[in-house]
Amino acid sequence: MQPDLTFIKGTMMRMSYIRRAVAAAIVACLTGACGQSTGAGSVATADGTPSANGTSRQPWTEADLDRVALDKSDGEKFGSIPMSTSPSERRAQPVECSPIAQTLGRSSSAYAANARINRTYSGKGARRGAVMTLASHRIGDAKRVVQEFRKSADSCTDFTEGRMSYEEVEVQPDPGYGDDSVSIRLVEVVSYPDGVKIRVPHAVVVLREGTTVAMFHNFERPNSSVRKKPTGIPDELIKAQVEKIRHFDGAK
């Protein structure tokens, strides 16, 4: 029997599409295309002074966040990408799903921050890595970031943002991180010109400790060695970051 060359050619082209698109998606997420905040700005309290962090009662600057973020002294290998302090302008359809869309990639929110930084952590051994954003807010805004994310997660099941499509938004059991936290999983649906679709699982954790908001994001790479496990964020990574925020003294 002669091989079906048309079928073989079509399959090879489809796989080429998938490899290129997935590679582009990974680069986009890690360099900001799926979580970009735009503009510049900062937030001050009513008397014009920077807002204080709820744990140290001292203003949290970008330098403070750089010091409190997990780094090589904590045994973590990381990279970083510049972040804006301005509110995110990303809008999903339906619009009530926007708080979820804003957490993907270079995570942000609809609220301006005193300071905001990004970290990309590599996995250790079989442990997954993650993308993390730390943002310092006024206490009211910090609470609202988590509250609005929770409300969005409770009401949204699927949404689109630009050319991206997401389904199966599911709230996970309360992780109990920090003063307030929410964990979700969702699936990105990537479509190709030949009609083929691939499904990319994502995981997001949003938490507040004092006036600092930490957002963690991860997504499953095709052919991942941990593919048999549900997509998630390393628990030890999150707990270590919360503890470091809790005990950080910005005055030092």
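View 1. Exposed means over 50% relative accessible area, buried under 20% and partly exposed in between, with a 1.4 Å probe and protein chains only. The model shown is predicted: local features need pLDDT of at least 70 and side-chain atom pairs count only at pLDDT 80 or more, whereas totals for chains, interfaces and linings use all residues. Residues are numbered from 1 along each chain as its sequence is written, and side-chain values use heavy atoms, with hydrogens and water left out. Helices (H or I, at least four residues) and strands (E, at least two) are DSSP runs, numbered from the N terminus.

**View 2. The buried residues of α4 are Asp141, Ala142, Val145, Val146, Phe149, Ser152 and Ala153.** Seen down the axis of α4, these residues fall within an arc of 140°, so they line one face of the helix. The arc is taken from the directions running from the helix axis to the C-beta atoms. An α-helix has 3.6 residues a turn, so residues three or four places apart point the same way. The buried residues of α4 pack against α3 (98-101) and against the strands β5 (164-171), β6 (180-191), β7 (197-209) and β8 (212-219), where contact means heavy atoms within 4.5 Å.

**View 3. Helix α4, residues 139-155, is shown end to end.** At 1.5 Å a residue, its 17 residues should span 24 Å, and its end C-alpha atoms are 25 Å apart, which agrees. The expected span is 1.5 Å times one less than the number of residues.

**View 4. Strand β3, residues 130-136, is largely enclosed by the rest of the structure.** Seven of its seven residues are buried. Ala130, Met132, Leu134 and Ser136 point one way from β3, and Val131, Thr133 and Ala135 point the other way. β3 pairs in the antiparallel sense with strand β2 (residues 115-121) over seven bridges, and Tyr121 stands opposite Ala130. β3 also pairs in the antiparallel sense with β8, over six bridges; here Thr133 stands opposite Met215. Two strands pair if DSSP finds at least two bridges between them.

**View 5. Asp141 forms salt bridges with Arg138 and Arg144.** A salt bridge is a side-chain nitrogen of Lys or Arg within 4 Å of a carboxyl oxygen of Asp or Glu; by this rule the count comes to 14. The closest N and O atoms of Asp141 and Arg138 are 3.2 Å apart, and the N to O distance for Asp141 and Arg144 is 2.9 Å. Asp141 and Arg144 both lie in α4, three residues apart, about one turn of the helix. Asp141 is buried, with a relative accessible area of 6%. Arg138 is partly exposed at 35% relative accessibility, and Arg144 is partly exposed at 36%.

**View 6. Asp179 forms a salt bridge with Arg208, with the closest N and O atoms 3.6 Å apart.** The pair links distant parts of the chain, 29 residues apart: Asp179 lies in the loop between β5 and β6, and Arg208 in strand β7. Asp179 is partly exposed, at 44% relative accessibility, whereas Arg208 is buried, at 10%. Elsewhere, salt bridges that share partners join Asp71, Asp74 and Lys244 into one network.
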